[in-house]
Amino acid sequence: KSRPYAASVSMVNLKQKKFQSKVQRNLLLYLSVFAFCWVWDIANGLVSLKTYSPYWMYLMQTMTMPLQGFLNFIVYGINNRMFQKNVRTPALLPRTRTGLEDERTYLVN
């Protein structure tokens, strides 16, 4: 004897697993961006406790710190479907009016 709700329970579990894997992937990407951008600042701070930091560490710090916002934007763009849809169809393209009269009739009335 089969249970009628067994299929719906497995679908919910499948949806939950997909959602959980998506959240885990997004978390991993955002944390990777954060770690990549801040590792040089932390390393530079630790080295400067003992001695002067080398110039290349300051250079790496100044190059990666401002990148965090841009890289977060890239990660957001990769993961957001609405963003991807709008990039494919830019808002600046002319749109057709369906079911509406010409604009000049609105100005006259």
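Predicted model: local features only at pLDDT ≥ 70, side-chain atom pairs only at ≥ 80, totals over all residues.
Student: Is phenylalanine 70 buried, partly exposed or exposed, and what is its relative accessible area?
Tutor: Phenylalanine 70 lies in helix H3 and is listed among the residues of the nonpolar patch. Buried means under 20% relative accessible area and exposed means over 50%, with partly exposed in between. Phenylalanine 70 therefore counts as partly exposed, with a relative accessible area of 47%.

Student: Which residues of helix H2 are buried, and within what arc do they fall when seen down the axis?
Tutor: In helix H2, which covers residues 55–64, the buried residues are Met57, Gln61 and Thr64. Seen down the axis of H2, these buried residues line one face of the helix, because their directions fall within an arc of 80°. An α-helix has 3.6 residues a turn, so residues three or four places apart point the same way. On the other side of H2, Tyr55 and Thr62 are exposed. The names asked for are thus Met57, Gln61 and Thr64, and the arc is 80°.

Student: How many aromatic pairs are there, and what is the geometry of the one formed by tryptophan 40 and tryptophan 56?
Tutor: The count comes to 3 aromatic pairs, one of which is formed by tryptophan 40 and tryptophan 56, with 5.8 Å centre to centre and 80° between the planes. Planes over 60 degrees apart count as edge-to-face, so the geometry of this pair is edge-to-face.

Student: Which helices hold the two tryptophans, and how many residues apart in sequence are the parts that the pair ties together?
Tutor: Tryptophan 40 is partly exposed, with a relative accessible area of 22%, and tryptophan 56 likewise counts as partly exposed, at 48% relative accessibility. Tryptophan 40 lies in helix H1 (residues 6–50) and tryptophan 56 in helix H2, so the pair ties together parts that are 16 residues apart in sequence.

Student: What C-alpha to C-alpha distances separate leucine 59 and methionine 63 from tryptophan 40?
Tutor: Leucine 59 has its place in helix H2 and counts as partly exposed at 35% relative accessibility, while methionine 63, also placed in helix H2, is partly exposed with a relative accessible area of 46%. Leucine 59 is 19 residues from tryptophan 40 in sequence, and methionine 63 is 23 residues from tryptophan 40 along the chain. The C-alpha distance to tryptophan 40 is 9.2 Å for leucine 59 and 9.5 Å for methionine 63.

Student: Which residues does threonine 64 touch, not counting those up to four places away in sequence?
Tutor: Threonine 64 lies in helix H2 and counts as buried, at 3% relative accessibility. The C-alpha atoms of threonine 64 and phenylalanine 36 are separated by 7.5 Å, although the two residues are 28 apart along the chain. Leaving out residues up to four places away in sequence, threonine 64 touches Phe36, Cys37 and Trp40.

Student: What percentage of the residues of the protein chain count as buried?
Tutor: The protein chain has 5 helices and 0 strands, and exposes about 9,900 Å², with carbon and sulfur atoms supplying 66% of that area. Of its 109 residues, the share that count as buried is 11%.

Conventions: Residues numbered from 1 in each chain as written. Heavy atoms only, no water. Buried < 20%, exposed > 50% of the residue type's maximum accessible area, 1.4 Å probe, protein only. Helix = DSSP H or I, 4+ residues; strand = E, 2+ residues; numbered from the N terminus. Arc of directions from axis to C-beta. Patch = residues over 30% accessible without salt bridge, like charges linked within 9 Å, V, L, I, M, F, W, Y side chains within 5 Å. Areas by Shrake-Rupley, 256 points an atom, 1.4 Å probe, with all protein chains shown as cover. Salt bridge = Lys/Arg side-chain N within 4 Å of Asp/Glu carboxyl O. Phe/Tyr/Trp six-rings, centres within 6.5 Å; stacked < 30°, edge-to-face > 60°. Contact = heavy atoms within 4.5 Å.
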